[in-house]
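Me: I would like to learn how to read the features of a protein model one at a time. Please give the general idea first and then the case at hand.

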Amino acid sequence: MSTTLGTRLRAALVSVSLGAVSLALVAASPAIAAVAAAGGPATPTELFNGERACSTDATAPTYVWGGEGVQVEGVAQDADADNGLGVQYQVWPVTDPTQITTVSHSPAETGFEAGAVVPSTSLTDGQTYAWQAQTVDGSEASAWSAPCYFAVDDTRPSPAPTVTSSNYPQGGWDQGGAPVQFTFGANGDSDVAGYEFGWQSDLPVPELATIGDYGIPTPVDVYADTKDFVRASALGGSATVSLIPPSGSGPMTLYVVSLDRAVNESTQSSYAFFVSSTGPTITPPSALPGFDKTARFTLTPNSGVQAASRVVSYTVQVTGGPTVTVKAAKNGTAKLRLKLNGVDGTAITVSSTSANGWVSDGAWWTTGYVDTTPTVSSDVYVENGTSGGVGVPGTFTFTPKAGKAASYTYSFNYGPAVTVKAGAKGVATVHWTPDATDEGFVDLNVYETTKDGLVLSAYDYYFTVN
């Protein structure tokens, strides 16, 4: 519900005076009051409205959305309950205690919440209501509970909130490294109680309660989730947040809605800005060692990132391999030892993490393509040629291009794979004699396995048998 400050103040004063009148009427009216028979049903407990806690203060009602009615609920109390146990509720506007709406839940079970919905047709947006609950067991009834109060708020905040940033202006590329300071404003709506925000436009629906054992709600303070929500400084006030963007560079958009006391959402505002690359510098050794050898790299932070908050570590993702974390020195640099054993070459992506939580975008480095296929030769069957013949034996020699070969696995024309151990200098020799089924085109597929257990790239050696 959105009103001016003056209207809100007058409504509060009316609630105080008429709330007191309603209490007097409840105490005096036999239609509303009843006395529990000795040993009979007791007044319901665990009272909630709209799954939010009962407020017994007429000047501070619980604000709820009433568009589909409001559920009132309580736990029936009767140690000697029979099949007639139920809970009855009476609801009335505090401005007119004679306009009573009665709803009930029957049958009810002792110890379990027994809710009933006050229909939306009995509720008016902006009106405050009092309600009471009574346990009923056949012809017996408990005393009424003390009144609870809720205010119906079916009006979303309007207009959308204002969103500004003191250190990441819109329209240009900003230096990253520092959290983004955002200020959200109510944009003139005096009913705004807080804000929801996120880096995706589909903001999650606020959770108002969790339902526990026996159906009893546990109300949730949405503002306890500081990752997605922030409470306004006062009703209709602003709020500030300090956020780390979801990625270290590129276009960013924050989406924000206002929330009123019933947690109704306004239309959405967005704030778009751009962050320049904050990735570190990867410096390889001046001369790279060979395949499966260790190289030493220097990692250097982006100067703007380091100036905003010291880089404390680097995350190194090896393509097709592990992810490792490297601790940074006080000046933000780090040394990385990395074995260059990528099957087709080694590639790494490195991002920095700062003390303030900033995670940079990734810097990329690669050796480029490295040929790790074995060299294959034959004394009879020439590659890409026609030679030999059925029954003519041939020798094939496998020689490593990369790594220390422990074995080779080979197959002819996609037949059964055979593994042969490598000999001196990683070389292996196999003998093969084609039969009638091998006449014509032949594909010899071979790959190396290193002494470290690495399976390297396969090579296809093609030839034709006469």
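Me: How many disulfides does a search of the whole structure find?

Reply: Some ground rules come first. This is a predicted model, in which local features need pLDDT of at least 70 and side-chain atom pairs count only at pLDDT 80 or more, while totals for chains, interfaces and linings use all residues. Residues are numbered from 1 along each chain as its sequence is written, and side-chain values use heavy atoms, with hydrogens and water left out. A disulfide is a pair of cysteine sulfur atoms within 2.5 Å. The search of the whole structure finds one. This disulfide joins Cys-54 to Cys-148, with an S to S distance of 2.0 Å. The link of Cys-54 and Cys-148 is left-handed, at -95 degrees about the S-S bond.

Me: Where do Cys-54 and Cys-148 lie?

Reply: Strands are DSSP runs of E with at least two residues, and helices are runs of H or I with at least four, numbered from the N terminus. Cys-54 is in the loop between β2 (52-53) and β3 (62-64), and Cys-148 is in strand β10 (residues 148-152), so the pair ties together parts 94 residues apart in sequence.

Me: Is Cys-148 buried or exposed?

Reply: Buried means under 20% relative accessible area, exposed means over 50%, and partly exposed lies in between (1.4 Å probe, protein chains only). Cys-148 has a relative accessible area of 0% and is therefore buried. Cys-54, at 23% relative accessibility, counts as partly exposed.

Me: How many salt bridges does the search find?

Reply: Side chains of opposite charge can pair when their charged atoms come close. The criterion for a salt bridge is a side-chain nitrogen of Lys or Arg within 4 Å of a carboxyl oxygen of Asp or Glu. A search of the whole structure finds five. One of them is formed by the side chains of Arg-261 and Asp-191, at 2.9 Å from N to O. This pair links distant parts of the chain, 70 residues apart: Arg-261 is in the loop between β19 (250-260) and β20 (269-275), and Asp-191 is in the loop between β13 and β14 (192-198). Asp-191 counts as buried at 0% relative accessibility.

Me: Which residue forms a salt bridge with Lys-339?

Reply: The partner of Lys-339 is Asp-452, with the closest N and O atoms 3.4 Å apart. Lys-339 belongs to strand β25 (residues 334-339) and Asp-452 to the loop between β34 (440-450) and β35 (459-465), so parts 113 residues apart in sequence are tied together. Lys-339 counts as partly exposed, at 38% relative accessibility. Another salt bridge is that of Lys-227 and Asp-228, at 3.2 Å from N to O. Here Lys-227 is exposed, with a relative accessible area of 61%, whereas Asp-228 counts as buried at 13%.

Me: What is the order of strands in the open sheet of five strands?

Reply: Two strands pair if DSSP finds at least two bridges between them. The order is β12-β20-β19-β14-β17, with mixed pairing. The edge strands, β12 (173-174) and β17 (229-231), each pair on one side only. β14 and β17 pair in the antiparallel sense over three bridges, and Tyr-195 stands opposite Val-230 in β17.

Me: Which residues touch the most other members of the largest nonpolar core?

Reply: In a regular strand the side chains alternate between the two faces of the sheet. A nonpolar core is a set of buried Ala, Val, Leu, Ile, Met, Phe, Trp, Tyr and Cys residues joined through side-chain atoms within 4.5 Å. Phe-182, Phe-184, Tyr-195 and Ile-348 touch the most other members among the 40 residues of the largest core. The largest share of this core comes from β23, with four residues. A second, separate core has 21 residues, including Val-72, Tyr-89, Leu-123 and Trp-131.

Me: What is the bridge partner of Phe-184 in β18?

Reply: In β18 the partner of Phe-184 is Ala-239. β13 and strand β18 (residues 239-243) run antiparallel and are joined by five bridges.
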